[in-house]
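Trainee: I would like to learn how to read a protein model, going from the overall layout down to single residues. Could you take me through one step by step?

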Amino acid sequence: MDSSVGVAMFMLRTLVGKTYEAILLLRKQTIATPLRDQYFASVAGLSERWDEVLDAADNQPWMSVVRNQGAFHYPNANQMAPFLTDAFCEDAYVLIGQRYGDTYFHWAEMAASLPALSAVNPTDPMAGLARMIDDIGELLGRLTDCLALGLTAYIGQYLANDHEGLVNPVQVEAPDFETFHLPYFFADPRHPAAG
């Protein structure tokens, strides 16, 4: 159960970090302008709803802390130091699976999670976890809802009656998507079973 919680926490921290980065990208002029002009303009009030989503993201200052202190790397020594004496880190242990990637380091996961949870609620990290899950779930729901409504309107207006447009879609400039990779400790490529 502990290892399942640890993996879930790692994935939650990654989700928060990726959401934070996605919102930064969506604010860039090269993306924000086409979104508003081509996708959101066809739906009454959608631009205003989008502004509310961006404002909601701004009201979650812990997202940048989680992204920078635990989403894609473990905290450095100075970031970990305040949490070394926390009760969560007592009785550290390791669970060893059949493969290296199945190994779970309890202390490392707790030490990585605590700064993130404490950024949300410094006095009660577990309440911070509940708030993190609720806030990121609501934010992602609203964000994807706006994007889906805008895309549906765009398809309906520009592509639905244009079979040629559906077969040969218009290409637009966009940043490359990064492939998501689990870190080395989840799957060691040197192990024969991992290949």
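This is a predicted model: local features need pLDDT of at least 70, side-chain atom pairs count only at pLDDT 80 or more; totals for chains, interfaces and linings use all residues.

Trainee: How many helices and strands does the protein have?

Mentor: Helices (H or I, at least four residues) and strands (E, at least two) are DSSP runs, numbered from the N terminus. Here there are eight helices and two strands, and along the sequence they follow the pattern α-α-α-α-α-β-β-α-α-α.

Trainee: What percentage of the residues is buried?

Mentor: A residue is buried under 20% relative accessible area, exposed over 50% and partly exposed in between, with a 1.4 Å probe and protein chains only. Of the 195 residues in this protein, 32% are buried.

Trainee: Which residues touch the most other members of the largest nonpolar core?

Mentor: In soluble globular proteins, nonpolar side chains tend to be buried together. A nonpolar core is a set of buried Ala, Val, Leu, Ile, Met, Phe, Trp, Tyr and Cys residues joined through side-chain atoms within 4.5 Å. The largest one here has 25 residues, and V16, W50 and M132 touch the most other members. Helices α1 (2-27), α2 (29-40), α3 (46-58), α4 (62-71), α6 (106-120) and α7 (125-159) each supply at least two residues of this core.

Trainee: What does W50 touch?

Mentor: Contact means heavy atoms within 4.5 Å. Leaving aside residues up to four places away in sequence, W50 touches L26, L35, R36, F40, L143, C146 and L147. W50 is itself buried, with a relative accessible area of 2%.

Trainee: Which residues of α3 are buried, and where on the helix do they lie?

Mentor: An α-helix has 3.6 residues a turn, so residues three or four places apart point the same way. In α3 the buried residues are L46, W50, V53, L54, A56 and A57. Seen down the axis of α3, they fall within an arc of 155°, so they line one face of the helix; the arc is that of the directions from the helix axis to the C-beta atoms.

Trainee: Which residues of α2 are buried, and which exposed residues does the face turned away carry?

Mentor: A32, L35 and F40 are the buried residues of α2, and they cover an arc of only 65° around the axis, which puts them on the same side of α2. The face turned away from that buried side carries the exposed residues Q29, T30 and D37.

Trainee: How is the aromatic pair of F40 and W50 described?

Mentor: A pair of aromatic rings is described by the distance of the centres and the angle of the planes. Rings of Phe, Tyr and Trp (its six-membered ring) pair if their centres lie within 6.5 Å; planes under 30 degrees apart count as stacked, over 60 as edge-to-face and the rest as tilted. The structure holds two aromatic pairs. F40 and W50 form a tilted one, with 5.1 Å centre to centre and 55° between the planes. F40 lies in helix α2 and W50 in helix α3, so the pair ties together parts that are ten residues apart in sequence.

Conventions. Residues are numbered from 1 along each chain as its sequence is written. Side-chain values use heavy atoms; hydrogens and water are left out.
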